[in-house]
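Here are some friendly notes to read alongside the model. Please keep the structure open as you go through the numbered points.

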Amino acid sequence: MDFENKVTELALNLHKIDAVKFGDFMTKSGIKTPVYFDLRVIVSYPDVMELITELLYEFAVANSKYDHVCGVPYTALPIATLLSVKAKKSMLMRRKEAKSYGTKKMIEGHYQTGDRCLIIEDVVTSGSSVMETVNDLRKEGLKAEEAFIILDREQGGRENLESNKVQMKALLTMTKLIEILLENNRITEQTANEVRDYLQNVKAPSVVKVNERMFLSYEKRAELSTNAIAKQLFNIMAAKKTNLCLSVDLTSSTKILDLIEKVGNHVCLIKTHVDIIEDFSSGFVSSLQHLAKKLNFLILEDRKYADIGHTVSLQYTRGLYNVSDWADCVTCHSLPGEGILKALNGASNTDKGVFLLAEMSSEGNLITQQYTQETVKMAEKYAELICGFVCQNKDTFKNPGIIQLTPGVQLESSKDNLGQVYNTPEKVVLENGGDVMVVGRGIVAAKNSEIQAVLYKDALWKCYTKRISGKFE
Ligand code: 5IU
């Protein structure tokens, strides 16, 4: 049987086993539809499974260059399995939920960075399910650029996938399916027309281009910020051409001020831990502020507040350090719940920002994917307060007005002996989506910190310009 005949047989079979139904249905997103697909039933029909496998194999898989196949959970999993066996190629499995204990692996199976992975899916409407799998594979450094699917509903999925650099090939389109069923008298002309009208009129919402912020300039993003400090920081970065934040983890105020005097021109943000300074004084704070004005950078106190709202409001506005008096922004955990944001929100009359901790750079930290997602959600109500997230991944959030502050950066990837993990500028900016990169010991411990700061500044800025040019993949 030739390919066309097999496709016809598949269409007729899908109809026969009720994997495609006509009538009045509601889609997941609440839109009325005259046609409904449920390919989950195919597992009960080995002949149909075999036919699909053969078709996918002949049509696409046999001619592709790839190292693995990966099905979009769940319907496509058994199909991917059959294909993997038929093609004698490895299969990878994507989890829907990350395990909460042990390794936080989303992808099961053995693979190497840079391996190519084909995506297998049953039905594509908007393409968002395919993108979830693609994103998880890409996070692992795998290449996912081709998706082979059984049926394209022709409602915008192909375009959405293409705009995310995924080429889609489908065995059947909705138009073709209707044509076959009509020709073989399985549906009436009226049903066919209803479906055609529906296709003309109803497009799936476009999937937000993954990480639009990855391609937008800092100037543009300043316009999109709802927090005044994020706006300022974006503008400083654009003006000074630097996305480097120096973490001045020194314990003497003179040493800190001396260092900032040398490198302040090359950074957009200075990050402090004032509680490690042995000779802290209000004089130190005024000198720091003076330098910030003179050299045009903002000040982030990396306090990582983590208590109940009431306590945090006292910690922020009172005590020896009186942080709210001088820091443009602070870091804060989401762990205690929203009260902590309420406390920080109400605490100052001047423009302030909060970087909320969504992920950490240290090995074995207990933050789970769900915690990260809930953290991002928690921030939504505080658009005027949140200037960014401290995180490690480009998919943590999408809002381009918000800043991804990423620590754990050195020119070479490495670790320290207390669990800190360092990534290179390329990895952090191009792959992981860092907007402002925090460098501490990479500069502070150098023999000549100014030369080193310039090295970091140039390397990081080069990655950013490459990133917004979109030519990095
Ligand atoms: N920092 C991290 N990782 C994190 C968070 C904060 O390293 O996940 I949240 C802080 C700790 C230190 C600085 O002050 O960023 C990084 O310094 P080094 O580049 O010296 O490791």
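1. A residue is called buried under 20% relative accessible area, exposed over 50%, and partly exposed in between. Leucine 455 has a relative accessible area of 43%, so it is partly exposed. Please keep in mind throughout that this is a predicted model.

2. Where does leucine 455 sit? Its place is in helix 18, which covers residues 449-469. Together with Leu411 and Ile451, Leu455 makes a nonpolar surface patch of about 250 Å².

3. For the overall layout, the domain assignment divides the protein chain into domain 1 (3-210) and domain 2 (216-469). Taken over C-alpha atoms, the centres of domain 1 and domain 2 are 41 Å apart.

4. Leucine 216 is worth a look next. This residue is found in the loop between helix 7 (189-201) and helix 8. Its relative accessible area is 17%, and therefore leucine 216 counts as buried. Leucine 216 and arginine 467 are 251 residues apart in sequence, yet their C-alpha atoms are 8.8 Å apart in space.

5. How many aromatic pairs does the structure hold? There are ten aromatic pairs. One of them is formed by phenylalanine 3 and phenylalanine 59, a stacked pair with 5.5 Å from centre to centre and 20° between the planes. This pair links distant parts of the chain, with phenylalanine 3 in helix 1 (residues 3-16) and phenylalanine 59 in helix 2 (residues 46-59), 56 residues apart. Phenylalanine 3 is partly exposed at 26% relative accessible area, and phenylalanine 59 is partly exposed at 24%.

6. Why is the pair of tyrosine 218 and tryptophan 461 called tilted? Their ring centres are 5.8 Å apart and the planes stand at 55°, so the pair is tilted. Tyrosine 218 lies in helix 8 (residues 218-224) and tryptophan 461 in helix 18, 243 residues apart. Both tyrosine 218 and tryptophan 461 are buried. Ring pairs also join Tyr218 and Trp461 with Phe234 and Tyr464 into a cluster.

7. Two charges sit over rings in the places described here. The charged end of lysine 89 is over the ring of tyrosine 66, 4.8 Å from its centre. Arginine 213 lies over the face of phenylalanine 397, at 4.0 Å from the ring centre.

8. Now to the salt bridges, of which the count is 21. In helix 4 (residues 128-139), lysine 139 and aspartate 136 lie three residues apart, about one turn of the helix. Their salt bridge has its closest N and O atoms 3.5 Å apart. Lysine 139 is partly exposed, at 34% relative accessible area, whereas aspartate 136 is buried at 6%.

9. Lysine 415 and glutamate 363 form a salt bridge with the closest N and O atoms 2.6 Å apart. Lysine 415 is in strand 16 (residues 414-415) and glutamate 363 in the loop between strand 13 (353-357) and helix 15 (369-379), so the pair ties together parts 52 residues apart in sequence. Lysine 415 is exposed at 53% relative accessibility, while glutamate 363 is partly exposed at 45%.

10. Finally, aspartate 416 and arginine 441 meet through their side chains in a salt bridge of 3.0 Å, N to O. Aspartate 416 is in the loop between strand 16 and strand 17 (421-422), and arginine 441 is in helix 17 (residues 441-444), 25 residues apart. Arginine 441 is partly exposed, at 46% relative accessibility. Elsewhere, salt bridges that share partners join Arg94, Glu132, Asp136 and Lys139 into one network.

Technical notes. Residues are numbered from 1 along each chain as its sequence is written. This is a predicted model: local features need pLDDT of at least 70, side-chain atom pairs count only at pLDDT 80 or more; totals for chains, interfaces and linings use all residues. Side-chain values use heavy atoms; hydrogens and water are left out. Domain bounds come from an automatic or database domain assignment. Patches are made of residues with over 30% relative accessible area and no salt bridge: like charges are joined within 9 Å, nonpolar side chains (Val, Leu, Ile, Met, Phe, Trp, Tyr) within 5 Å. Accessible areas come from the Shrake-Rupley method with a 1.4 Å probe; for residues, only the protein chains shown count as cover. A salt bridge is a side-chain nitrogen of Lys or Arg within 4 Å of a carboxyl oxygen of Asp or Glu. Helices (H or I, at least four residues) and strands (E, at least two) are DSSP runs, numbered from the N terminus. Buried means under 20% relative accessible area, exposed over 50%, partly exposed in between (1.4 Å probe, protein chains only). Rings of Phe, Tyr and Trp (its six-membered ring) pair if their centres lie within 6.5 Å; planes under 30 degrees apart count as stacked, over 60 as edge-to-face and the rest as tilted. A charge sits over a ring if NZ of Lys or CZ of Arg is within 6 Å of the ring centre and within 35 degrees of the ring normal.
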